[in-house]
Amino acid sequence: MLEINETITIQDWELTEQFVRASGPGGQNVNKVSTSVELRFEAERSPSLTPQVKARLRKLAGRRWTKEGALIIQCDETRSQARNRDLARERLIELIQKALHKPKRRIATKPTYGSKQRRLKSKKERGEVKALRGKVRDD
């Protein structure tokens, strides 16, 4: 069982782990031992997450979200299978905790009259400076 916070826990049946051979550093060890972990979380079928959290999680997951509604996290950072397993679980917890926070609704604002005037004044001054850089003509 994986605990996200006081109210949300993920049951063991929702998580599946698959170990595969990793690439990268490790010498002959990478050819012999399956240290890379692929953690699969059945998010769409999870009873502990609300539909709003699932929608935010889908958006945060991006390419890691499958058509079946599962979230796949892959980790092959270290040479240790146990450490990679822990890192993958930590990433899953962080992702779910991010999805739990509802983003603030943006309130559209308009620029003040004074800020518009200051912007136009600075544009006019800048245009005058650039106009004075031109070639000098004899009139």
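## A positive surface patch

K110, K116, R119 and K123 together form a positive surface patch. A patch is built from residues with over 30% relative accessible area and no salt bridge, like charges being joined within 9 Å. Lys and Arg count as positive, and Asp and Glu as negative, while His and the chain ends are not counted. The place of a charge is taken as NZ of Lys, CZ of Arg, CG of Asp or CD of Glu.

Helices (H or I, at least four residues) and strands (E, at least two) are DSSP runs, numbered from the N terminus. R119 has a relative accessible area of 47% and is therefore partly exposed. Buried means under 20% relative accessible area, exposed means over 50%, and partly exposed lies in between (1.4 Å probe, protein chains only).

## Basis of the model

The model is predicted: local features need pLDDT of at least 70, side-chain atom pairs count only at pLDDT 80 or more, and totals for chains, interfaces and linings use all residues. Residues are numbered from 1 along each chain as its sequence is written, and side-chain values use heavy atoms, with hydrogens and water left out.

## Salt bridges

Side chains of opposite charge can pair when their charged atoms come close. The structure contains seven salt bridges, a salt bridge being a side-chain nitrogen of Lys or Arg within 4 Å of a carboxyl oxygen of Asp or Glu. In one of them, R89 and E17 meet with an N to O distance of 3.1 Å. R89 lies in helix α3 (residues 81-100) and E17 in strand β3 (residues 15-20), so this pair ties together parts that are 72 residues apart in sequence. R89 is buried, at a relative accessible area of 16%, whereas E17 is partly exposed, at 28%.

Another salt bridge joins E68 and R40, whose closest N and O atoms are 3.6 Å apart. This pair also links distant parts of the chain, for E68 is in the loop between α2 and β5 (71-75) and R40 is in strand β4, 28 residues apart. E68 counts as exposed, at 56% relative accessibility, and R40 as partly exposed, at 24%.

R83 and E90 form a further salt bridge, with 3.9 Å between the closest N and O atoms. R83 is partly exposed at 37% relative accessibility, and E90 is partly exposed at 38%. Salt bridges that share partners also join E17, R85 and R89 into one network.

## Two buried loop residues

T35 is placed in the loop between α1 (29-32) and β4 (36-41). With a relative accessibility of 4%, T35 counts as buried. Apart from neighbours within four places in sequence, T35 is in contact (heavy atoms within 4.5 Å) with V20, A22, T78, R79, S80, Q81 and N84.

E42 lies in the loop between β4 and α2 (51-61). E42 also counts as buried, at 13% relative accessibility. With neighbours within four places in sequence again left aside, the contacts of E42 are E14, G69 and A70.

From C-alpha to C-alpha, R118 and E44 are 52 Å apart in space, and they are 74 residues apart in sequence.

Conventions
Patches are made of residues with over 30% relative accessible area and no salt bridge: like charges are joined within 9 Å, nonpolar side chains (Val, Leu, Ile, Met, Phe, Trp, Tyr) within 5 Å. Accessible areas come from the Shrake-Rupley method with a 1.4 Å probe; for residues, only the protein chains shown count as cover.
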